[in-house]
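Please look over the structure shown below. A set of questions and answers about its parts follows.

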Amino acid sequence: MNTRSTRKYVAAGAVALMSLGALSGCSGGDGDSADGTTTLTFWHNGTTEPIQSIWQDAVDEYEKANPDITIDVVPIQNEDIDTKIPLALSSDSPPDIYFSRGGGQLATQAQSGQIADITEYTSDWIGDLGKAADNWAVDGVQHGVPYASQVVGFWYRTDLFAQAGITSTPTTLDELNDTVDKLKAAGIAPIAVGGKDRWPDAFYYNSFAVRECGEDVLKKGLAEGDLSDECFTKAGQDVIDFIATEPFQEGFNGTPAQQGAGSSAGLVANGGAAMELQGTWHKSVMQGLTDTDLDPLVGWFPFPEVDGGEGDPSATLGGGDGFACTQKHAEECADFLEFLSNDDIQSELVESQVVAIPVKEAAAATITDPVMKSVYDFNTEAAYIATYFDVALPTAAGSALNDAVANLFAGKGTAESVAEAVKAAE
Amino acid sequence: MSTITAVVTRDVTTAAGSPSPQGAPRRRSHLRKRLELALLLGPATLLFVTFVFLPLVAAAYYSLFDWNGFGPLVDFVGLDNYTKALGDPLFQGAISHNLFIVIASLVVQLPLSIALALLLNGKIKGRTALRLLVFAPYVLSEAVTAVIWLSLLQPNGVVDGLLEGAGLGGLVQLWLADQNIVMLTLFAVITWKYIGFGIILFLAGLQGVPEELREAAQIDGATGWQTTRLIVLPLLGPTIRIWVFLSIIGSLQLFDLVWIMTLGGPAGASTTMASYLIDRGFRRYEFGFGSAVAIILFAICFVFALFYQRFALRRDTQGAITGRVE
């Protein structure tokens, strides 16, 4: 029985949320005051330290250098920000600068007509950020600027690998299967996955697709939301076959990804499982879930090669974090984002280990940890980076893809079902 | 309400000093009554219209469009969103999961909480402590409950450890990962959380059962069970009917626990109507479709509430929406 009085209003409340977006996104006024100063609203998802202070300090410094600009900083918790942004974008007063992962998600948001074209304001310097910035452009129009890149690979426990007599990290799928067998024989859960949250499941399908599909087929498929090419079916079959080898921890479909010691991140952090396929943020997430210093215990290797795959073996799944601009103060927003991507702030992000792969090469010099350095080098040398499929695709299709892969993990669906789900959601 | 108004009105006329002949004062008191009504009901009505009624109308309107939340509503699809939702096996599954919780709550929680309330109403040692104990989980927010149980129920977690410690290792399940078990697990957590509320409600109801009736029954030679069945339970009727109402509405709108503990998974095995709605609306940006699901959920709850008020709560809530009961 659920009698908490607020529960009575879930339906009405949800309806209210869905329709009163204008209210919740409301910040009042257009930010231009009579005395000539401009106020920008800045939404970011860094609600924890050290990143919250890094952004705040950057804003303080920027305001000092630009007395006519005031920036209203609004940190919003990561899960909430994804809900608030669409509501704000359907209102009259969206934030001027907001957190964005780029890709198809940004393209979907651009349909609101509220996102700014900052191509002319960024053209002088955006080249310094390399190919990472492409992901914040839609059809050649720059809408935002990244501050970090990420790649997905296996984080593993060197101590548990040694305990199972594994001397080198696997480079092919067969070797990965051997590694799994050896770990099982040693009584160690080989791979942790946070199946409850669905997106970690999708990393497997996405990574297999990056291996199975050639670059052009992959990029065309994601751009058109059409995964009907045979290579995507192969990726689906690869996932099914891989799950059949039972490499994951017990009850993985109910395991959260990052919440507490029982989460997949917590399992690896505390030695309950030997490895996990995750993004570059994962080491700091794991460190947050254990008192043991993970530096000497954790290593990284890329997703292994797959026999007969068309994809370049050095390619990888990845993405990044950045900020996008809305129209009202496009020029000011672009100027602030240029400031945010300066070498000093980039180095600070790296030193605080918030960011593993800075978008500015100069900041990479500050990476000292050898494992993090190897991740950085892998990213630099990658033939190409395929954006997380759920970000690359329009939002509805991306979310449908995650759900369909999660169904495969729960034993439901076929090799084709992921492509079918994406098509149905288009 | 009407008595208060009457009292106030009379005071005013006496205070005025001159009980003038009919006409003017009565009109003035009418005006005053209206002003009072406007003052007392106005703010609530305004809030209700702004935050419940208008959004409802807006959602009903959005539900007729294929709309991702951005830009103008141009893609009119009529009732397509409704047929799509009702035809989706996942949503049908969600409805059946809600129904499971509704029925399981009635079959398990109702007798259990009445029995425990009867027990705690008797003169037993440590009664206050026990009452506090059963009520404690209800004080926790649903989100906190969900996070706690999510960690307790992980494989080799605390629950499994306790079962094994008690020699019941054979009962250990993949509580949240097994598609055949997950709804039972959620129901157990719901019961843990809300049983205390039912018990407190029934304890309060039991205070309204006159001691004289029980004594009279005893004198007439009724056994304890007969007294309970023939005297106490019938007098507990209004409380039971209210509990059933709250329970069913709560079960139909089940969301927080599911969202935090399973996200409706694995493979939709624990999706509820509300979690389906949030999933499609906010995660997929299908706001038109999400609105249609919200309207369906609202309609189910509303129709149930109306019928229940009309037929079951009728004798308990005179005049609410049922009109005068003769």
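Q: How many bridges join strand β1 of chain A and strand β2 of chain A?
A: This is a predicted model, in which local features need pLDDT of at least 70, side-chain atom pairs count only at pLDDT 80 or more, and totals for chains, interfaces and linings use all residues. Residues are numbered from 1 along each chain as its sequence is written, while chains are lettered from A and ligands numbered from 1 in the order in which they are written. Strands (E, at least two residues) and helices (H or I, at least four) are DSSP runs numbered from the N terminus, and two strands pair if DSSP finds at least two bridges between them. Residues 38–44 and 69–75 of chain A form β1 and β2, which pair in the parallel sense, and the number of bridges is seven.

Q: Which residue is the bridge partner of H44(A) in β2(A)?
A: β1 of chain A covers residues 38–44 and pairs with β2 of chain A. In β2(A), the partner of H44(A) is P75(A).

Q: What is the hand of the β-α-β unit that β1(A), helix α3 of chain A and β2(A) make?
A: A crossover is right-handed if, with the strands pointing away from the viewer, the path from the first strand over the helix to the second runs clockwise. The helix of this unit, α3 of chain A, spans residues 51–65, and the unit is right-handed.

Q: Which element gives the largest share of the side of domain 1 of chain A that touches domain 2 of chain A?
A: Domain 1 is 21–150 + 319–375 and domain 2 is 152–318 + 377–425 in the domain assignment of chain A, with bounds from an automatic or database assignment. In contact (C-beta atoms, placed from the backbone, within 7 Å) are 19 residues of domain 1 and 20 residues of domain 2 of chain A. On the domain 1 side, α5 (103–110), β6 (144–151) and α17 (370–381) of chain A each supply at least two residues. The largest share, five residues, comes from α5(A).

Q: How many residues does chain B give to the contact with chain A?
A: Chain A gives 47 residues to this contact. Among the elements of chain B that each supply at least two residues to it are α2 (24–62) and α4 (89–121). The number of residues from chain B is 57.

Q: How many helices does chain B have?
A: Chain B has 326 residues, of which 33% are buried. Its secondary structure has zero strands, and the number of helices is 14.

Q: Is D80(B) buried or partly exposed?
A: D80(B) lies in helix α3 (residues 80–87) of chain B. A residue is buried if 20 or more other C-beta atoms, placed from the backbone, lie within 10 Å of its own, exposed if 12 or fewer, and partly exposed in between. D80(B) has 17 other C-beta atoms within 10 Å, so D80(B) is partly exposed.

Key: Contact = placed C-beta atoms within 7 Å.
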